Amino acid sequence: MGRYIVRRLLQLVPVFIGTTFLIYWLVWSVPGDPFAGKCGDRPCPANYIQVMTEKFNLDKPLYVQYFTYMKNLLQGDFGSTFGGRSINDLIAAAYPNTIKLAIVALAVEAIVGLTAGVLTGLRRNGFLDNLVLVSTLFLIALPTFVTGFVLQYLFGVQWGIIKPTVSNPPSFTELLIPGFVLGSVSMAYVARLARTSIAENRSADYVRTAIAKGLPMRRVVGVHLLRNSLIPVVTYLGTDLGALMGGAIVTEGIFGINGIGREVYRAIVTKEGATVVSIVVILVLVYLVMNLLVDMLYALLDPRIRYE
């Protein structure tokens, strides 16, 4: 296992370099004036444009800009915005809120989705199975912003159970409804994945053998059936964590959460390329690390899987 982890970590290096360079190229090669609107309604003075161009190395070839950025990144410096604000401070203020939101969303989709998937997988074609299938299809078809606005209006305005917008920094309790909104679509997919996997493995030989030995049904499901059926679900949940943090723009906007999603949106609108690149680089790291952790979990869930 140790050699496998080291090998995978070494494989992540070229993947990280390739993806970050592609992101950097896509962001900074977009045509248009990066200083448009930075000086109000009037065009920016020539001396301001010259100073900012030299400061951000915009007068140098793209590969030189990238390697300069990576050198600073390895030293823990994400750079600064055109307005002079440190991107490190921006990320430090916004990222914890998004992490909290993503954890709540992941917990909701894992707990609710797995529970619904296991119950329906064990009792297919019943009332509960049909109810879950219809509900998950409804959640998948419903856009996230519609779910967010409806729940915000019902729970926050109509019934007064929650605040329409959360505080800063938000508590985990305040993030329950936003977390449900963010993870609603993924929760539906988790329920369907778990249902299908449970239903397929229920007729496997090892399950029939465990039942024939007289093991309690709770042990058969919890120890034998569930562990093998969790592999596709764990794969989805692991890779979905990065998607949750990157796709939180709509949810954070609806509930007023000061997170990474809102900062990315602001940076895109104001053409703050350095901010966009820095935040996306962090999301790439999350994806790579979560993929490695998912591969390691395979060996724990299925004893037949061994890494050399």
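**Entry 1**

I began with the charges: the protein chain carries 26 positive and 18 negative side chains, and the centres of the two sets lie 10 Å apart. I counted Lys and Arg as positive and Asp and Glu as negative, leaving out His and the chain ends. Each charge was placed at NZ of Lys, CZ of Arg, CG of Asp or CD of Glu.

A note to myself: this is a predicted model, where local features need pLDDT of at least 70 and side-chain atom pairs count only at pLDDT 80 or more, while totals for chains, interfaces and linings use all residues. Residues are numbered from 1 along each chain as its sequence is written, and side-chain values use heavy atoms, with hydrogens and water left out.

**Entry 1: the whole chain**

I looked up the secondary structure and found 12 helices and 0 strands; these are DSSP runs numbered from the N terminus, H or I of at least four residues for helices and E of at least two for strands. The C-alpha atoms fill a box of roughly 80 × 55 × 30 Å along the principal axes.

**Entry 2: cores**

Next I checked the largest nonpolar core, which has 53 residues. A core here is a set of buried Ala, Val, Leu, Ile, Met, Phe, Trp, Tyr and Cys residues joined through side-chain atoms within 4.5 Å. Phe-16, Tyr-69 and Ile-91 are among the residues with the most contacts inside this core. Helices giving two or more residues to this core include H1 (2-28), H4 (87-122) and H12 (273-301). Apart from this core lies another, of 10 residues, among them Ala-194 and Leu-230.

I then followed Ile-91, which touches Phe-78, Pro-96, Ser-278, Ile-279 and Ile-282, not counting residues up to four places away in sequence; contact means heavy atoms within 4.5 Å.

Which residues does Gly-183 contact, leaving aside neighbours within four places in sequence? I found Ala-105, Glu-109 and Leu-244. Gly-183 lies in helix H7 and counts as buried because its relative accessibility is 0%. Its C-alpha atom is 9.7 Å from that of Ala-248, 65 residues apart along the chain.

Ser-197 is also found in helix H7 (residues 176-201), and I noted it as buried because its relative accessibility is 9%. The Ser-197 side chain reaches the backbone oxygen of Ser-229 at 3.0 Å. Leaving aside neighbours within four places in sequence, Ser-197 is in contact with Ser-229 and Pro-232.

Conventions: Buried means under 20% relative accessible area, exposed over 50%, partly exposed in between (1.4 Å probe, protein chains only). A polar contact is a pair of N or O atoms within 3.5 Å; within protein, one must be able to donate a hydrogen and the other to accept it, and residues adjacent in sequence count only if both atoms are side-chain atoms.
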